[in-house]
2 protein chains.
Amino acid sequence: MNRREILKAGSAVLVGGMAAGEMKTVAANAASKTIERWDVFEEVFAGPKEGNPFKDVWLKAAFRKGNREIRVDGFYDGNGAYIIRFMPDELGVWAFETDSNVAALKGKKGKLDCTAPQKGNHGPVSVRDTHHFGYADGTPYFPFGTTCYAWAHQTEELQKQTLESLRTGPFNKIRMCIFPKWYQYNHGTPPRFPFVRNGETNDYSYFNPKFFQHIEQRIGDLRAMNVEADLILFHPYDHWGFQEMPTEVDDRYLMYVIARFAAYRNVWWSLANEFDLMRKKNSADWDRYARIVTETDPYAHLRSIHYSKAPYDYSRVWCTHAGVQDYAFDKAAEWRAEWRKPVIFDECMYEGNINSRWGNLSGEEMTRRFWLCTVAGVYGGHGETYVRESDIENDKAVLWWSHGGLLNGTSPKRIGFLRNLLEEIGAVGGGRIGFEAIEPVYYMAAKRSGNEAILWFFDFHQPSYYDFTLPEGAKFKAEWVDPWEMTIRAVDGLFSGKSRIKLAGKPYRAIVFKRV
Amino acid sequence: MNRREILKAGSAVLVGGMAAGEMKTVAANAASKTIERWDVFEEVFAGPKEGNPFKDVWLKAAFRKGNREIRVDGFYDGNGAYIIRFMPDELGVWAFETDSNVAALKGKKGKLDCTAPQKGNHGPVSVRDTHHFGYADGTPYFPFGTTCYAWAHQTEELQKQTLESLRTGPFNKIRMCIFPKWYQYNHGTPPRFPFVRNGETNDYSYFNPKFFQHIEQRIGDLRAMNVEADLILFHPYDHWGFQEMPTEVDDRYLMYVIARFAAYRNVWWSLANEFDLMRKKNSADWDRYARIVTETDPYAHLRSIHYSKAPYDYSRVWCTHAGVQDYAFDKAAEWRAEWRKPVIFDECMYEGNINSRWGNLSGEEMTRRFWLCTVAGVYGGHGETYVRESDIENDKAVLWWSHGGLLNGTSPKRIGFLRNLLEEIGAVGGGRIGFEAIEPVYYMAAKRSGNEAILWFFDFHQPSYYDFTLPEGAKFKAEWVDPWEMTIRAVDGLFSGKSRIKLAGKPYRAIVFKRV
């Protein structure tokens, strides 16, 4: 039974926790529907097809439980279908009631019973302990992100390959554009457009629901793998007009996206990629977008913005975290202190071999950058831009950074190794989660707030011995870590206070102390 | 015939162009003595031994040729010997006449005939083309310096080994302390002290001429190998009081050093190592030292100062160049522009394996730093701090950075390779010598001012192809350089304008374009 058939049948559907293409249906106005915590509750109503429902009709719903009320915007999904979505964050029965400027959509009531989340569903991610992140269920979240800007606009086959790479890879966040992309190695026509398109012209009055249904299917696929979807709302790599839409269309687009996607727990909002390259926008525009996202999203998903040359002022209240394009890792401590937010070096160049300076880091250097971020108490971001020699002149070459596909680099495995290490030692004990750099920053050392674990990364230093200064009155075991070979070797003995340890005299190694 | 014997014989000596231990003698008051340009002319006079000649007697001389007059200070060398030294910079006959507050040293006259320099004698180094250096005879000088702070205070055997390492090594400048050193791995008693020493007390009224004779012998040894002696006048690694002498002694020491050493063409003055760690000195002291050196040195040898944490303002007029302790290579362009002087990263950490953060770079990283400096239009500085595992706890271990001895690292050979490359392509054509960074700094590229040569260093980038933008209307041949393997491979073809070249997709490589 497809959506059209459901609508014909006059029933509403609940689409909760669905994997791609899978759909559970329930009768409309059932007394109470069951949905797990932080999943998407969806109610579909039949309404008018006449005129332009996208502009003429508004639909809202209020979800209530006890003294709490959460209001969500509905949206038109085409073919007379109007949808409200809701992500319950509290167990128990929620009641809802709709409002609309159309009688058929007004005053609809219903209930849902929010049940305990299934294993693997940790809820949305938010800021924790000032500079770090955690899932809503308390599980720490350490972002190890990658970038596949336009993966959702590729062939189905390629998208499936991307999902498989993500499933088996080390990444738990992906930066991806909502709009299609036009750029170096990206000059194809996307399979769908976000607006009705007449020849070379967009009709901004009409969204193309299929476009958005497809994106949300991909968000759902990512959610099923616990990969956060860091959605890029605007970007300048455009060929079709989406970087210079009328103000009113920009705003309507944002409202529509939020109404559709916000109930997915793994959504993050990035106002833009390289916002400062979008010459038709001014700072008032960016302030307005920030306000719309902040005020409209009922769940306060994480919000940031990405720049090219002009660093954004991430101390701005609307930003939940900084997502910088930079590789000045020595500034990380200063930025953390100034912004008092988590800092993610979302784009610190990519592993690859292409012409562009930002796209040809060695795997060693990409790996190193994740370690530098970790010991600075911030987070790195991966991307991959390998082109085969035979494909250099082929504009259709598939590069992970944009198209997804296969991961060819040497860094992902090592990034996964670091992620495992961080998840193991970055969340133990009773202190704050994550690492805080040890000041003054001699070498690169960071510790868990309660000294449960201390991590030293030696970067290009190769001491053959080192006098560590550990807390007195506690004993630590030590592990010698090779981030490239991905080996961990226990060091004999227990250590406390000033401790001289013989090291291998080789660069790019690390030592982890764990309190016993 | 030693100096004492000469003095007994009542004759003065000319010590010109001597290698260590070698000495030519001529009769006193000979009508004209022959000395090659930029060599040390020396005249020794017998004078009073009574009282304290170091404080009671002054001796000066004026050297005249045509309308030029160069005044030099003489000095007391002990045992009734008073010496004036002079480095003639112009061919032909120079006349001199002494002045003194002692009759026996006043009004002494003589002549010298300055002849053409022998092969290998290029004269002193000075600033050339704002950001670079050249010898007085026009030969470009590219500083490739190393550091052996206390090498002149070691055993004779070790000093000979150091000289042999320098003779066969890649370095043409050495940073060395005049005062002995007390520091990590440096806690021995030096064979000589600069002042008469009674037990644990210095008698600052009396210099120890043997100490200074020894230093100048080493300066002469370096000069014979065309290694510039970057003399560190003060430093804080002290155990004997030299870092906190009375003001009057500081000043007298500087005058004495200049009177003795300035005639050596290979002398540079560094007011201090880590001046900001000398807590007994204030900025007025440093200003006074700078003034004394500037006003007293008749030859205007190169002058700078080295800091620990507090960057010096190298825009100060007295500095001829900046000698920074830093590794912020991305600031090099800014500093060059601001200071309008050559910038040498004299201490950008050392290759080694010791505990200290500044002393355990890998050889790869040390090599890389020289390349980064080169393409930024500045210069690097080497040092080496390898300790054998069996010597870690042995305070008498020999580390090149302080003691000299053998070079054990992997970077010197590669630094030599770069020096050869720079000397080959950094001086061709009619433009300014040395490289100027190409702005904006994408990758790391620098060119000779007349586009005679363009150098690209790819650092941790590994493009498999690159679109170079070369000057139109000129043709270039290209060479693919591996700085680690020290290989140079010609790239087929001639290039002009925008030129795509396939590269190896490996990091830390370079390309040199040479105009044909």
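**Local features of the two-chain model**

B:Asn226 is partly exposed, with a relative accessible area of 22%; this value is given by a predicted model. The residue lies in chain B, in the loop that runs between α4 (209–224) and β16 (228–234). Its phi is positive, at about 55°, although B:Asn226 is not a glycine. Most residues other than glycine have a negative phi. A positive phi also occurs at A:Met349, where the angle is near 75°. A:Met349 belongs to the loop between β20 (343–347) and β21 (351–352) of chain A. With a relative accessibility of 5%, A:Met349 counts as buried, because the limit for that class is under 20%.

Another positive phi is found in a hairpin of chain B. The hairpin is made of β9(B) and β10(B), with 3 residues between the strands, and B:Asp129 takes a positive phi near 55° there. The two strands, β9 (residues 125–128) and β10 (residues 132–135) of chain B, are antiparallel and are paired over 4 bridges. Within this pairing, B:Val127 has B:Phe133 of β10(B) as its bridge partner.

In chain A, an open sheet is formed by 3 strands in the order β2-β6-β5, with antiparallel pairing. Its edge strands are β2 (41–46) and β5 (75–76) of chain A, each of which pairs on one side only. Strands of a sheet pair through backbone hydrogen bonds, either parallel or antiparallel. Between β2(A) and β6 (residues 81–86) of chain A there are 6 bridges, and the two strands run antiparallel. A:Glu43 stands opposite A:Ile84 of β6(A).

The charged end of A:Arg414 sits over the ring of A:Trp484, at 3.8 Å from the ring centre. In a second contact, A:Lys181 lies over the face of A:Tyr237, and the distance to the ring centre is 5.7 Å.

Rolling a probe the size of a water molecule over the atoms shows where empty space is left. The second largest pocket holds about 790 Å³ of space. Its lining consists of 30 residues, and both chains contribute to the lining: α8 (363–375) of chain A and α8 (363–375) of chain B each supply at least two residues. Nearest the centre of the pocket lie A:Glu364, A:Tyr508, B:Glu364, B:Pro507 and B:Tyr508. By residue class, the lining comprises 12 nonpolar, 5 polar and 13 charged residues.

Note on methods:
Residues are numbered from 1 along each chain as its sequence is written. Chains are lettered from A and ligands numbered from 1 in the order in which they are written. This is a predicted model: local features need pLDDT of at least 70, side-chain atom pairs count only at pLDDT 80 or more; totals for chains, interfaces and linings use all residues. Side-chain values use heavy atoms; hydrogens and water are left out. Two strands pair if DSSP finds at least two bridges between them. On a 1 Å grid over the protein atoms alone, a cavity is a set of points where a 1.4 Å probe fits but cannot get out, and a pocket is an open set with protein on both sides within 12 Å along at least five of seven lines; lining residues have an atom within 4 Å of a point. Grid points are joined across faces, edges and corners, and a volume is the space filled by probe spheres set on the points. Ala, Val, Leu, Ile, Met, Phe, Trp, Tyr, Cys and Pro count as nonpolar, Asp, Glu, Lys and Arg as charged, and the others, Gly among them, as polar. A charge sits over a ring if NZ of Lys or CZ of Arg is within 6 Å of the ring centre and within 35 degrees of the ring normal. Buried means under 20% relative accessible area, exposed over 50%, partly exposed in between (1.4 Å probe, protein chains only).
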